[in-house]
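Take a look at the chain below.

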Amino acid sequence: MAARPTWKGYLKISLVNIPVRVFPATDAAATISFNQLHRECRTRIQQKKWCPTCQTEVATSDLVKGYEFEKGRYVVLDDEDISKVRPDSTRVINVMQFTDASAIDPVYVERPYYLAPDGAVAAEAFAVMREGMQGKAAIGKVALYGREYLVAIQPRENGLVMYTMRHASEVRSMGAIDELNTVPAKIKPDEVKLARQVIGNFETEGDLTQYKDDYQEALRKVIDAKIAGEDIAEPQEEAPPKVVNLMEALRQSLERVSTTKKKTAKIDTGREAARARPEKKRARG
């Protein structure tokens, strides 16, 4: 099924305005979700809106938005009031600056979206700006779902990816974590050297496509077994890892990796030798 855009507007870079469509980059349907049922009859429950003062259920048409400015005191805003809040970013992704892509701190990143040109006329300008942004990230603002977001936009394949970002006021300082005060300032060079050797043995190009959600797969098996009326084997709980000497743990890690590599090398060498070995010629009669 083709992806559907959740927002349409313009990507504004200085005097350049490119019609774009915004698509969610993630698929919520890929995660198993549950409904709440009544244990007695297995009926899906209804969550009703209830007014404790009037002791009655309230229809959706009778609901209003209220902001609590003091304890128990609210100011009511209707749709007309909210419609007056129309920042420049309501229909425009307004780019304000560019920076190196590596300068984007992951702690600020919230959710990814894909940007695509809206129509054939916009495609050429879209392609030119995408190519010109290689290695860069655009920082801008856009209004989505009733609030204004700070966003970062970067080239990705033949399109652009836009990340909604947290504002600085929403990010807690690491100084607020008391436990980090116990981290020693001085560390032993020998331990760091050994740690880097262990890390080096696990370095890859960062291909995340090789990983799958083992929990979701196991949960699906449990669901299928319940549907089929089969017994579900309970897995054995793993014992918590023992706290061992750091240097000893690092040495054992290196030895384990070295042993694995040697075994793999022997298997590969054996296969290569078999391929390279010339076939025996049959004796002619």
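A search of the whole structure, which is a predicted model, finds zero aromatic pairs. Aromatic rings can still take part in other arrangements, and Trp7 is a case to look at: the charged end of Arg91 sits over its ring, 5.3 Å from the centre.

Now step back to the whole chain. Its secondary structure comes to five helices and 11 strands. Of the 285 residues, 17% are buried. The accessible surface comes to about 24,100 Å². Carbon and sulfur atoms hold 52% of that surface. Consider next the contacts with a separation of 6 or more. Residues 24 or more positions apart account for 60% of them.

How are the strands arranged? Seven of them form a closed barrel, in the order 1-2-8-11-10-9-7. The pairing in this barrel is mixed. Neighbouring strands of the sheet are turned by 40° against each other on average, direction ignored. Helix 2, residues 120-132, packs on this sheet. The helix touches strand 1 (7-13), strand 2 (16-24), strand 8 (109-117), strand 10 and strand 11. Its direction makes about 85° with that of strand 2.

Strands of a sheet pair through backbone hydrogen bonds, either parallel or antiparallel. Which sense do strand 10 and strand 11 take? Strand 10 covers residues 147-156 and strand 11 covers residues 159-165, and the two pair in the antiparallel sense. Seven bridges join them. At one point of this pairing, Val151 has Thr164 in strand 11 as its bridge partner.

Stay with Thr164, which lies in strand 11. Is Thr164 buried or exposed? Its relative accessibility is 2%, so Thr164 counts as buried, the cut-off being under 20%. Which residues does Thr164 touch, not counting those up to four places away in sequence? They are Tyr108, Val109, Glu110, Arg111, Tyr113, Leu144, Tyr149, Leu150 and Val151.

Finally, turn to Leu37. This residue lies in the loop between strand 2 and strand 3, the latter at residues 50-51. Leu37 has a relative accessible area of 46%, so it is partly exposed. That class runs between the 20% and 50% limits. Leaving aside neighbours within four places in sequence, Leu37 is in contact with Arg42, Thr43, Arg44 and Ile45.

Note on methods: Residues numbered from 1 in each chain as written. Predicted model: local features only at pLDDT ≥ 70, side-chain atom pairs only at ≥ 80, totals over all residues. Heavy atoms only, no water. Helix = DSSP H or I, 4+ residues; strand = E, 2+ residues; numbered from the N terminus. Buried < 20%, exposed > 50% of the residue type's maximum accessible area, 1.4 Å probe, protein only. Contact = heavy atoms within 4.5 Å. Areas by Shrake-Rupley, 256 points an atom, 1.4 Å probe, with all protein chains shown as cover. Pairing = 2+ DSSP bridges. Axes fitted to C-alpha atoms, helices over the stretch in contact; angles between N-to-C directions. Phe/Tyr/Trp six-rings, centres within 6.5 Å; stacked < 30°, edge-to-face > 60°. Lys NZ or Arg CZ within 6 Å of the ring centre and 35° of its normal.
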